[in-house]
Amino acid sequence: MRVVWAMSRTALAFAAPCDPATVPALMPSGIVCDFERWLGHPDWFRAGTSLSPYPEPIPALISIADDLQILANLIANDKAGFICERIATSQRLPFTARWNSTIGLAPTVGEAIALIVEEVPRRNPFLLVELGAVESHATITLRVRIESPASPLLMIAPLLFLHRLALLEIGAEAAVGACFIECACEPQPWAEPALSQAGLAVRWRMGETRLYLPIGWMAHRNRDADPLLWDLARVRLSPAAAPESLVADAVAAHVRDCLARGDGAPGLPDSAAHLGLSDRTLVRRLAAAGRHHSGIVESERRQLAMRLMAQPQLGLQEIAEALGYPDRGSFGRAFRKSIGESPARYRRRHFGKPPNLA
């Protein structure tokens, strides 16, 4: 979903709600690993969960019940405020390396926030998020689909997170009095210090939980943005939501990387795992773009073959190995099928036969 931040009084974008029937049994552990590290790995952090005690690492995927229990443990041990204060004052938000590299390429603050809003319901099936606008403010509305002791933390922490992301891009001097929060829950004393440090006024017992940001912030441009890399990075981060053409481009880029590293041409399962998709889903997404994995691989091999054959110091056996073929004969058959003549003849005709090379 691409969002043009030139609108001021209309809805800007909406995250699709989750169908309860499709809620997964597992979800990404996300930043709870950072929470545990921030707190010094206390014994109570995983209490009541199915997770092994520290120093066993928290898995990349955990159950929804374990995630909610960890958040409830934070509330019960009076650490929810500490977590929120850490988010509100952090100079580097606890994104994974993949998220950091992707968000850093966003053309505008608005597009960075829109990407996170799109991803929240996919990664946290008990949260719904909407991105919109009211008069001079962009709004991020958050709804919690469950009743839990952790519900207030689930309302407040994500909005503090998004506010901090915008603030790091815009600059602290722009924040004083510029943003505020409405919260549907009762007043939470543990949240007040974090909200104060963030410069956020809060109104409790409201009909919705919502963060208000000046709409002009959303158009703030990132000087390091690269539109092509941004599109490809978004595919790598969330291929399930990307246009089919970008999925095909991402597969081609993966094939090029594998060939350049000398790893040979990747198979379909490898490419699917690289993009975080099932084999069947990748086949379907490529077919929707009129592409096939094998065709992308051969296209990338063919382009690399042309570049390598122009280098006189390389023999055909070396070129075959660089392209990931098991032997020169396999390379020759594939090349002849694609180009219509043998590699040796093509090379002589276009580049002249290098001395002492087949």
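Which side chains meet in a salt bridge at 3.7 Å, N to O? The side chains of Arg-345 and Glu-341 do so, a salt bridge being a side-chain nitrogen of Lys or Arg within 4 Å of a carboxyl oxygen of Asp or Glu. The structure is a predicted model, in which local features need pLDDT of at least 70 and side-chain atom pairs count only at pLDDT 80 or more, while totals for chains, interfaces and linings use all residues. Residues are numbered from 1 along each chain as its sequence is written, and side-chain values use heavy atoms, with hydrogens and water left out.

Twelve salt bridges are found in a search of the whole structure. In general, side chains of opposite charge can pair when their charged atoms come close. One of the salt bridges joins Asp-34 to Arg-37, with the closest N and O atoms 2.7 Å apart. Both residues belong to helix H1 (residues 32-38), where Asp-34 and Arg-37 are three residues apart, about one turn of the helix. Helices (H or I, at least four residues) and strands (E, at least two) are DSSP runs, numbered from the N terminus. Asp-34 has a relative accessibility of 17% and so counts as buried, while Arg-37, at 47%, is partly exposed. A further salt bridge is formed by Glu-36 and Arg-46, whose closest N and O atoms are 2.9 Å apart. This pair links distant parts of the chain, since Glu-36 lies in helix H1 and Arg-46 in the loop between H1 and strand S3 (61-63), ten residues apart. Both Glu-36 and Arg-46 are buried. Elsewhere, a network of salt bridges links Glu-130, Arg-143 and Glu-208.

Aromatic side chains were examined next. Rings of Phe, Tyr and Trp (its six-membered ring) pair if their centres lie within 6.5 Å; planes under 30 degrees apart count as stacked, over 60 as edge-to-face and the rest as tilted. The whole structure contains six aromatic pairs. Among them is the tilted pair of Phe-35 and Trp-38, at 5.6 Å centre to centre and 45 degrees between the planes. Phe-35 and Trp-38 both lie in helix H1, three residues apart, and both are buried. The pair of Phe-335 and Tyr-346 is edge-to-face because the planes stand at 70 degrees, with the ring centres 5.4 Å apart. Phe-335 in helix H14 (residues 328-339) and Tyr-346 in helix H15 (residues 343-351) are eleven residues apart, and both are buried. Ring pairs link Phe-335 and Tyr-346 with Tyr-325 and Phe-331 into a cluster.

The strand S8 (residues 209-214) is mostly covered, with six of its six residues buried. Thr-209, Leu-211 and Leu-213 on one side are buried, as are Arg-210, Tyr-212 and Pro-214 on the other. In a regular strand the side chains alternate between the two faces of the sheet. Two strands pair if DSSP finds at least two bridges between them. Strand S5 (residues 137-144) runs antiparallel to S8 and is joined to it by six bridges, with Pro-214 as the bridge partner of His-137. Strand S6 (residues 180-182) is also antiparallel to S8, through three bridges, and Glu-182 stands opposite Arg-210.

Definitions and conventions
Buried means under 20% relative accessible area, exposed over 50%, partly exposed in between (1.4 Å probe, protein chains only).
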